[in-house]
Amino acid sequence: MKIKVAFLPTSPLAIAGDVCIIVDVIRATTALVGLFDAGSKRVFVGGFRSDVAKARAAVGESGVICAEQDDGSRAAGFDHEPSPSLLSRLDLLGRSAMLATANGTPAILAAEGAALVLIGSLRNLDAVARRALAEASSRNADITIICSGQLRNSRIAIEDSYCAGMIVSQFCELAKDDAVELDDSASLARGFTTSQNSAVKVLLSSMTGRRFTVNGRQHDVEFCARINESTIVPVVTTQYETNDHPVYLLDAQ
């Protein structure tokens, strides 16, 4: 089984038939896990310019819609900014939610052709690694981790690369190394991760982390750095499929 890492969704990817994990640690994929932790039954994702009316129609009267401006604050007409620390505390039992994201949605779109697309973060690190390994083994497939990056997917995000390396390390531990073959990018991500001793330090020192700290959202960055506090693994799902914790693509604008 080959393990690959794409540090940006714009990287050339050979993922047909792969099990893919999407990573956007600060904040989209962490927020998606948080919405399900809060009890949401399904979550729609849209692009940065998602339409408020379309989002409302998707989730229904009882649902919540979340979007941010460039500074991380709540976008006009939406209920909340995509703050994982806030969303995970809401009571969303049985309700639908929608999350508009600048970097996470293009990363999901980049996984077109994959056999299965999972949502990963530090908070569900062990759960997503185990699920991906099991799915890849049963399908005789490879695994690709797609990092969302930052600034509309134009630059590598160190926090995503760190999370990818953590997942790769977990694969190696669970599979006892000999069952997985790391490509150069996976080895690079794993090597970077093993050189660090604190997820919080990595995230706070990242470009995205510094920007959010300046904007008064350091608590969110620290929340995103917590490891294995959730066992939920969201699955990107089409309208014809049935999955636990389904994520539906609403639009990509």
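Buried means under 20% relative accessible area, exposed means over 50%, and partly exposed lies in between (1.4 Å probe, protein chains only). By that scale Phe44 is buried, at 10%. This is a predicted model: local features need pLDDT of at least 70, side-chain atom pairs count only at pLDDT 80 or more, and totals for chains, interfaces and linings use all residues. Side-chain values use heavy atoms, without hydrogens and water, and residues are numbered from 1 along each chain as its sequence is written.

**Aromatic pairs**
- The whole structure holds two aromatic pairs (Phe, Tyr or Trp rings, the six-membered one for Trp, with centres within 6.5 Å; planes under 30 degrees apart are stacked, over 60 edge-to-face, the rest tilted).
- Phe44 and Tyr248 form a tilted pair, 5.6 Å centre to centre with 35° between the planes.
- That pair joins strand β3 (residues 42-46) to strand β10 (residues 246-249), with Phe44 and Tyr248 204 residues apart; strands are DSSP runs of E, at least two residues, and helices runs of H or I, at least four, numbered from the N terminus.
- Tyr162 and Phe192 are edge-to-face because their planes stand at 85°, with centres 6.3 Å apart.
- Here helix α6 (residues 158-175) supplies Tyr162 and helix α7 (residues 184-194) supplies Phe192, 30 residues apart.
- Tyr162 is buried at 4%, whereas Phe192 is partly exposed at 24%.

**Cysteines**
- The disulfide count is zero, with a disulfide taken as two cysteine sulfur atoms within 2.5 Å.
- Cys147 has its closest cysteine sulfur in Cys163, 7.7 Å away and therefore too far for a bond.
- For Cys172, the nearest cysteine sulfur is also that of Cys163, at 15 Å.
- Cys147 is buried at 0%, and Cys172 is buried at 3%.
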